[in-house]
Amino acid sequence: MKSVNRRDFLRMAGTSIIGITLGGTALRANAQELLKKDDPTAKALNYTPKSTVDGSVCGNCMYIQGEEGKTERPCAIFPGKLINVNGWCSAWVKRPG
């Protein structure tokens with residue numbers, strides 16, 4: 001196995017960080033379609049556009065992305081889709097802070 005020197009490692013790490021950052025931005029920019037309840041992933045995670053769980057909505061979940069104040073925002077769990085901030089799914093985790 002070839003050893004990697006520090007300079008090559010730092011170059012690879014920097015390139016990876018830039019790629020991850022730009023990739024995340026591209027996912028948020030391309031999220032256009034509103035998630036439907038009959039989507040296979042939505043069904044698997046029991047997604048509903050109106051939460052029935054007190055205090056648990058997509059708007060206060062750690063996976064929500066995009067601009068605060070909008071009613072439909074991207075979610076890391078459903079790439080390429082917009083979700084309702086008042087919705088809920090079984091992947092919900094309270095946003096820290």
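Visitor: How many helices and strands does the protein chain have?
Guide: The protein chain has two helices and three strands. Helices (H or I, at least four residues) and strands (E, at least two) are DSSP runs, numbered from the N terminus. This is a predicted model, where local features need pLDDT of at least 70, side-chain atom pairs count only at pLDDT 80 or more, and totals for chains, interfaces and linings use all residues. Residues are numbered from 1 along each chain as its sequence is written, and side-chain values use heavy atoms, with hydrogens and water left out.

Visitor: What pattern does the chain follow along the sequence?
Guide: The pattern is α-β-α-β-β.

Visitor: In what order do the strands sit in the sheet?
Guide: The order is 1-3-2, in an open sheet with mixed pairing. Strand 1 (33-34) and strand 2 (72-74) are at the edges with a single partner strand each, so one side of each has no neighbour in the sheet. Two strands pair if DSSP finds at least two bridges between them.

Visitor: How many bridges join strand 2 and strand 3?
Guide: Three bridges, in the antiparallel sense. Strand 3 covers residues 81-84. There, N84 is the bridge partner of E72.

Visitor: Switching to charges. How many salt bridges are found in the whole structure?
Guide: Three. A salt bridge here is a side-chain nitrogen of Lys or Arg within 4 Å of a carboxyl oxygen of Asp or Glu.

Visitor: Which residue does K81 bridge to?
Guide: K81 bridges to E33, with the closest N and O atoms 3.3 Å apart. K81 lies in strand 3 and E33 in strand 1, so the pair ties together parts 48 residues apart in sequence. E33 is partly exposed, at 41% relative accessibility. The cut-offs are buried under 20% relative accessible area, exposed over 50%, and partly exposed in between (1.4 Å probe, protein chains only).

Visitor: And which residues are linked in a network of salt bridges?
Guide: E68, R73 and R95. R73 meets E68 with the closest N and O atoms 3.7 Å apart. R95 and E68 meet at 3.3 Å, N to O. R95 lies in the segment after strand 3 and E68 in the loop between helix 2 and strand 2, so this pair ties together parts 27 residues apart in sequence.

Visitor: Is R73 buried or exposed?
Guide: Buried, with a relative accessible area of 4%. E68 is exposed at 53%, and R95 is partly exposed at 31%.

Visitor: New topic. How many aromatic pairs does the count come to?
Guide: One. The ring centres of Y47 and F78 are 5.8 Å apart and the planes are at 65 degrees, so the pair is edge-to-face. The rule: rings of Phe, Tyr and Trp (its six-membered ring) pair with centres within 6.5 Å; planes under 30 degrees apart are stacked, over 60 edge-to-face, the rest tilted.

Visitor: Are Y47 and F78 buried or exposed?
Guide: Y47 is buried at 5% relative accessible area. F78 is buried too, at 4%.

Visitor: What about N46? What is its phi near?
Guide: Phi of N46 is near 55 degrees, a positive value in a residue other than glycine. Most residues other than glycine have a negative phi. N46 is in the loop between helix 2 and strand 2, and is exposed at 51% relative accessible area.

Visitor: Last one: what share of the residues is buried?
Guide: Buried residues make up 24% of the 97 residues in the protein chain.
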